[in-house]
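Please look over the model shown here before reading on.

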Protein chains: 2
Amino acid sequence: MTESNKPSLEVCLSPALLHLYDVKNSIVVIIDVLRATSTICTALYNGAAKVIPVATVEECVNIGRAIGGITAGERDGKVAEGLVHGNSPFEYPRDFIEGKTLVLTTTNGTKLLHMAKDAIQIVTGSFPNISAVCDYLIAQGQPVILGCAAWKDRVNMEDTLFAGAVVNRIKDHFNVDCDSAIAAESLYNTAKDDIYSFMQQASHYKRLANYGLEKDIQFCLTPDGSNVLPIFKNGELVTAEVPVS
Amino acid sequence: MTESNKPSLEVCLSPALLHLYDVKNSIVVIIDVLRATSTICTALYNGAAKVIPVATVEECVNIGRAIGGITAGERDGKVAEGLVHGNSPFEYPRDFIEGKTLVLTTTNGTKLLHMAKDAIQIVTGSFPNISAVCDYLIAQGQPVILGCAAWKDRVNMEDTLFAGAVVNRIKDHFNVDCDSAIAAESLYNTAKDDIYSFMQQASHYKRLANYGLEKDIQFCLTPDGSNVLPIFKNGELVTAEVPVS
């Protein structure tokens, strides 16, 4: 294919910029590296039947009660009142989560997911499932928006780095005419040899590290620890079959 | 000073994100590298009495007529209908612009400037006046927002690179707890040894290069060709005295 008839690959650095993109005609990858989308793929990798992302603690409690699901979510680094579990991927090993439904409330990731509801397809991405995401995007051959959940709409390092890592891996299959994508890839190239050290300057790292979550951060920055593809269907994230590219 | 009592230094990558920043308590640097803010400092450097930034061609025509100013502005790479001059810094040599008022309409830069009107102070920045901007910011000792004009709200390479260059120069005097600032500086560090080549991947470069403006782009990416500080007062940009830091 020539450059011009390859599908587009773009990066949206904040939900507050999503209206500038042609969501309706694209596959959108929701990126919330620390820690929502890392935890979602980990729960599914470990056999969760599905993950239901919800916006509020109240919804989480109500849906969890109605369907007998595991309710989870944090606010300010603590398990939210009324919920049972937190946002750490390590809370969802196979012997706990297999066959169950996780009802997860996160602020940034869930907000973006609902904003992208008209997309051709929505999947979630993070370092623990980067290969599944990349294989899927290449196989689909559709325009792609890598959507960073950011932090309260502010551009953040970890989601930008993941978007850059995806651009780096799949750009030969796409037409990349997007300065955010070029910048994200450049940033990733600078960081990739020691991404954990690079992240130590980032604002969210400092926030999470204050809660003693270095182990979570290491896991969330490491490729392919939970390499499945969560795909959004009828309000639920389920494990998709990943075609081999 | 310790880190925590230094003033903050933040980067806002798009006007659509400006509401997330504390504009009212900050100095805002308006950045529209290709080419509005490069042309503004060049006109002032060459002796223009002032530059009046306006949003529309109609305002430009009306104000230009009322005060006998030079009307300038482009739309889609051509001098806009009803105006006399374009956006190139090379259109404003001393023997033409000295003592005159330039009434300039640009879309992205002017929009951001008006959005930042409640700031402590507004100045404009670009590579041709980077030293004046940095000296000023250090001397003021106030919180700073480096505001990228972007391209129709989409993050662009050239404004991000300039923001990163400023962060790189002045960060020791500020507290940088902003992932956009850290990312912009990293990008600048990657690009700085050959910023012109780096820019050739950027979307705006391609747009302008189509109009044959490589000479403009070279000038707009080169430090200190027009090293004065445009400061916004009562709707006009005038040359400020730059304190020595």
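The sections below take up these topics in turn.

## Basis of the description

This is a predicted model, in which local features need pLDDT of at least 70 and side-chain atom pairs count only at pLDDT 80 or more, while totals for chains, interfaces and linings use all residues. Residues are numbered from 1 along each chain as its sequence is written, chains are lettered from A and ligands numbered from 1 in the order in which they are written, and side-chain values use heavy atoms, with hydrogens and water left out.

## Relation of the two chains

Two copies of a chain are related by a rotation about an axis and a shift along it.

## Salt bridges

Over all chains the structure holds 14 salt bridges, each defined as a side-chain nitrogen of Lys or Arg within 4 Å of a carboxyl oxygen of Asp or Glu. In chain B, B:Glu74 and B:Arg35 form one of them, with the closest N and O atoms 2.7 Å apart. B:Glu74 belongs to strand β4 (residues 70-75) of chain B and B:Arg35 to the loop between β2 (27-31) and α1 (36-45) of chain B, so the pair ties together parts that are 39 residues apart in sequence; helices (H or I, at least four residues) and strands (E, at least two) are DSSP runs, numbered from the N terminus. Both B:Glu74 and B:Arg35 are buried, that is, under 20% relative accessible area, where exposed means over 50% and partly exposed in between (1.4 Å probe, protein chains only).

A further salt bridge joins B:Lys111 to B:Asp153 at 2.8 Å, N to O. B:Lys111 lies in helix α4 (residues 108-115) of chain B and B:Asp153 in the loop between β8 (144-148) and α6 (157-170) of chain B, so this pair links parts that are 42 residues apart in sequence. B:Lys111 is partly exposed, with a relative accessible area of 38%, whereas B:Asp153, at 12% relative accessibility, counts as buried.

In α4(B), the residues B:Asn108, B:Gly109, B:Thr110, B:Leu112 and B:Leu113 are buried. The elements that cover the buried residues of α4(B) include β2, β3 (50-54), β7 (121-125), β8, β9 (229-233) and β10 (236-240) of chain B.

## Aromatic rings

Six aromatic pairs are found over all chains, a pair being rings of Phe, Tyr or Trp (its six-membered ring) with centres within 6.5 Å, and with planes under 30 degrees apart counted as stacked, over 60 as edge-to-face and the rest as tilted. The rings of B:Tyr92 and B:Phe96 have centres 6.2 Å apart and planes at 40°, so the pair is tilted. B:Tyr92 counts as buried at 0% relative accessibility, while B:Phe96 is partly exposed, with a relative accessible area of 21%.

The charged end of A:Lys215 sits over the ring of A:Phe90, 4.1 Å from its centre, where the criterion is NZ of Lys or CZ of Arg within 6 Å of the ring centre and within 35 degrees of the ring normal. In chain B, B:Lys215 lies over the face of B:Phe90, at 4.1 Å from the ring centre.

Notes:
Contact = heavy atoms within 4.5 Å.
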